[in-house]
Amino acid sequence: MIVAFSVAPSGGTAAQSDGSVHDAVAAAVRVVRESGLPNRTSSMFTEVEGEWDEVMDVVKRATEAVGAYGSRVSLVLKADIRPGHTGEIDGKLERLEQALGE
């Protein structure tokens, strides 16, 4: 499965003076990268690929890491559950680029 998620703190002193929550988001991304699972981060979401239990464990730990920065956490999650397929975090993009080139 591939999960795209966005997690951010609210409440407390989570935001920098400019409203940014980059330190909290960095804590979440650090958890994802240290998991060893295939992943990528864009300006809006972090994607992680693996088996259901391992991906959800990473999302949970990333959410908990952000929780240290505020009294509440907002989590947005979208999943592509396709048993028996791996390497789709790159495969989907490769197929898209091929279609665009045709």
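Tutor: Helix 3 contains 14 residues, and from its first C-alpha to its last it reaches 19 Å, close to the 20 Å expected at 1.5 Å a residue. The model is a predicted one, and every value that follows is computed from it. Within helix 3 the buried residues are Glu88, Ile89 and Gly91. These buried residues pack against three strands, namely strand 1, strand 2 (39-41) and strand 3 (46-49). As a general point, an α-helix has 3.6 residues a turn, so residues three or four places apart point the same way.

The setting of helix 3 may be described next. The protein chain holds three helices and four strands, and in sequence order these follow the pattern β-α-β-β-α-β-α. Of the contacts with a separation of 6 or more, 70% join residues 24 or more positions apart. Along its principal axes the C-alpha trace spans about 50 × 30 × 20 Å. Of the 102 residues in the chain, 27% are buried. The accessible surface comes to about 6600 Å², and carbon and sulfur atoms account for 51% of that surface.

Rolling a probe the size of a water molecule over the atoms shows where empty space is left. The largest pocket has a volume of about 190 Å³. Its lining consists of Ile2, Ala4, Glu47, Lys78, Ala79, Asp80, Glu88, Ile89, Lys92 and Leu93. Helix 3 (88-101) provides the largest share of that lining, four residues. Strand 1 (2-10), strand 4 (72-80) and helix 3 each supply at least two of the lining residues. By class, the lining of the largest pocket comprises five nonpolar and five charged residues, with no polar ones.

A search of the whole structure finds one cavity of 30 Å³ or more, and the largest cavity holds about 40 Å³ of space. Met1, Ile2, Glu49, Asp80, Arg82, His85 and Glu88 line this cavity. That lining divides into two nonpolar residues, one polar residue and four charged residues.

Strand 1 and helix 1 (22-34) each supply at least two residues of its lining. The lining of the second largest pocket has ten nonpolar and five polar residues, and no charged ones.

Val7 lies in strand 1. With a relative accessible area of 8%, Val7 falls under the 20% cut-off and is therefore buried. Beyond residues up to four places away in sequence, Val7 touches Val25, Ala28, Thr63, Val66, Val73, Ser74 and Leu75. The C-alpha atoms of Val7 and Ala24 are separated by 8.8 Å, although these residues stand 17 residues apart along the chain.

Note on methods
Residues are numbered from 1 along each chain as its sequence is written. This is a predicted model: local features need pLDDT of at least 70, side-chain atom pairs count only at pLDDT 80 or more; totals for chains, interfaces and linings use all residues. Side-chain values use heavy atoms; hydrogens and water are left out. On a 1 Å grid over the protein atoms alone, a cavity is a set of points where a 1.4 Å probe fits but cannot get out, and a pocket is an open set with protein on both sides within 12 Å along at least five of seven lines; lining residues have an atom within 4 Å of a point. Grid points are joined across faces, edges and corners, and a volume is the space filled by probe spheres set on the points. Ala, Val, Leu, Ile, Met, Phe, Trp, Tyr, Cys and Pro count as nonpolar, Asp, Glu, Lys and Arg as charged, and the others, Gly among them, as polar. The expected span of a helix is 1.5 Å times one less than its number of residues. Buried means under 20% relative accessible area, exposed over 50%, partly exposed in between (1.4 Å probe, protein chains only). Contact means heavy atoms within 4.5 Å. Accessible areas come from the Shrake-Rupley method with a 1.4 Å probe; for residues, only the protein chains shown count as cover.
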